[in-house]
Structure formats: structure tokens, C-alpha cells
Amino acid sequence: MGLSSAASVAHALILVLCAASMVTESMANRGWYYGFNNTTYNWPWPWGPRNDTNDDTPSKIVVGGSDRWHFGFNYSDWAFENAPFYVNDALVFKYEPPSDTVFPHSVYLLPNLWSYLKCDLSRAKMIANVTDGGGEGFEFVLKRWKPYYFACGERGGLHCRDGRMKFMVMPLLRRWHY
């Protein structure tokens with residue numbers, strides 16, 4: 001193993017450890033939203049709970065919100081701003097079918113962090129083709145407590161690399177899981 005590949009592995013390991021510690025911290029502090037004596041704590045950051053209902057039912061979340069799934073939108077920022085996501089939530093990918101004026105898009109599930117960082121689609125699995133995002137869109141349910149890495153696979157990964165059409169989520173467990 002060369003020095004540069006060893007350094008890359010070390011950087012990836014540090015990133016995974018940071019992500020794991022963030023999940024651990026969020027699970028330890030999961031009750032802070034309700035504050036002391038059941039009073040509401042106002043979140044000073046954008047990734048607090050999505051609503052005040054304390055609803056434990058899974059949500060359907062449109063990827064990109066009203067911007068949907070398209071080239072040039074920063075989905076990593078979107079995922080950060082719309083977190084947390086929970087096990088059994090459904091991500092809905094909506095995009096226009098290909099035409100003379102619209103670039104085709106697809107959705108790939110990447111196998112690991114390295115593939116995500118490099119936009120390497122060689123071992124990725126296509127979960128939605130260029131026509132699946134039309135109409136009501138394509139739904140992907142976050143069935144497990146694990147990191148999920150998503151990317152557009154069109155143009156040989158160009159949409160992922162240059163169009164910022166990639167994001168990752170680490171769904172948390174809902175209260176009824178623990």
C-alpha cells in the first residue's frame with residue numbers, strides 16, 4: 001500500500017469515526033428538544049426536528065424539496081439542512097423524463113464512503129432509471145440504520161462530480177426502536 005493510499009484510508013477512517021461520534025452524540029441528546037419539565041427548546045441550527053408534533057410515523061421527503069432532483073443543486077447541503085432522517089422514512093426522487101431540453105437523470109445507491117467521495121459508480125446499484133422520477137417520483141425507503149450514499153449516474157458520473165447531484169444520509173432510530 002502506497003503512502004498516498006494509506007493517507008486516503010486514514011482520512012476516510014477519520015471521517016467515518018466523526019460521523020459515528022455525531023450519531024452517538026445525537027442519540028444521547030435526543031430528548032433535548034422537549035427541554036426540562038417538558039418545555040420546548042428552540043433549535044439554534046437548521047437540522048433540528050422537522051416539526052413540533054413529535055410524530056413517530058415515517059415521513060415522505062422529496063429530495064431537493066421544491067427544487068427536486070436536477071443538475072447544479074447542492075444536495076449535500078440539502079441533506080444537512082433537512083436532517084435528521086429516520087429509519088423507515090421514504091426519500092422521493094422527482095425529476096423530469098429526458099427530452100430535447102432536459103438532461104436525463106437517474107439515482108444510484110453507492111456501496112461505501114469512498115465511492116461517494118470519488119463519484120465512483122463502478123460498484124453502484126441503479127435504483128431509479130431516467131424515467132422513474134416522473135409523475136409522483138421514485139420512493140426509496142431507508143430500511144436500516146446505516147449510511148446511504150446516493151448519486152446521479154448520468155454522463156459517466158459527471159452529474160455526481162460536477163453537478164453536485166450526490167448526498168448521504170444516516171437515518172436515526174425512532175423512539176419506538178429503543
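These legends walk through several close-up views of a predicted model. Residues are numbered from 1 along each chain as its sequence is written, and side-chain values use heavy atoms, with hydrogens and water left out. Because the model is predicted, local features need pLDDT of at least 70 and side-chain atom pairs count only at pLDDT 80 or more, while totals for chains, interfaces and linings use all residues.

**View 1. Three strands make an open sheet in the order S1-S2-S5.** Strands here are DSSP runs (E, at least two residues), helices are DSSP runs too (H or I, at least four residues), and both are numbered from the N terminus. Two strands pair if DSSP finds at least two bridges between them. The pairing in this sheet is mixed. Strand S1 (60-62) and strand S5 (138-141) are the edge strands, each pairing on one side only. From one strand to the next, the twist averages 30°. Such angles are taken between lines fitted to C-alpha atoms, and run from 0 to 180 degrees between N-to-C directions. Look next at strand S2 (residues 90-93), which pairs with S5 in the antiparallel sense over four bridges. Within this pairing, alanine 90 stands opposite valine 141 in S5.

**View 2. A second open sheet has four strands in the order S4-S3-S6-S7.** Its pairing is antiparallel. Strand S4 (125-128) and strand S7 (166-169) stand at the edges with a single partner strand each, so one side of each has no neighbour in the sheet. Neighbouring strands are turned by 30° against each other on average, direction ignored. Strand S6 (residues 148-151) and S7 run antiparallel and are joined by four bridges. Tyrosine 148 stands opposite valine 169 in S7.

**View 3. Lysine 60 and glutamate 139 meet in a salt bridge, 2.8 Å from N to O.** A salt bridge is a side-chain nitrogen of Lys or Arg within 4 Å of a carboxyl oxygen of Asp or Glu, and the count by this rule comes to three. Lysine 60 lies in strand S1 and glutamate 139 in strand S5, so this pair ties together parts that are 79 residues apart in sequence. Lysine 60 counts as exposed at 60% relative accessibility, while glutamate 139 is partly exposed at 38%. (Buried means under 20% relative accessible area, exposed over 50%, and partly exposed in between, with a 1.4 Å probe and protein chains only.)

**View 4. Glutamate 96 forms a salt bridge with arginine 68, with the closest N and O atoms 2.6 Å apart.** The pair links distant parts of the chain: glutamate 96 sits in the loop between S2 and strand S3 (107-110), and arginine 68 in the loop between S1 and helix H2 (75-82), 28 residues apart. Glutamate 96 is partly exposed at 42%, and arginine 68 is partly exposed at 26%.

**View 5. Arginine 174 and aspartate 89 form a salt bridge, their closest N and O atoms being 2.2 Å apart.** Arginine 174 is in the segment after S7 and aspartate 89 in the loop between H2 and S2, so to speak distant parts of the chain, 85 residues apart. Both arginine 174 and aspartate 89 are buried.

**View 6. Lysine 94 is buried yet has no salt bridge.** This residue is found in the loop between S2 and S3. The nearest side chain of opposite charge, glutamate 136, is 4.7 Å away; Lys and Arg count as positive and Asp and Glu as negative, with His and the chain ends not counted. Leaving aside neighbours within four places in sequence, lysine 94 is in contact (heavy atoms within 4.5 Å) with residues including Val62, Arg68, Trp69 and Glu136.
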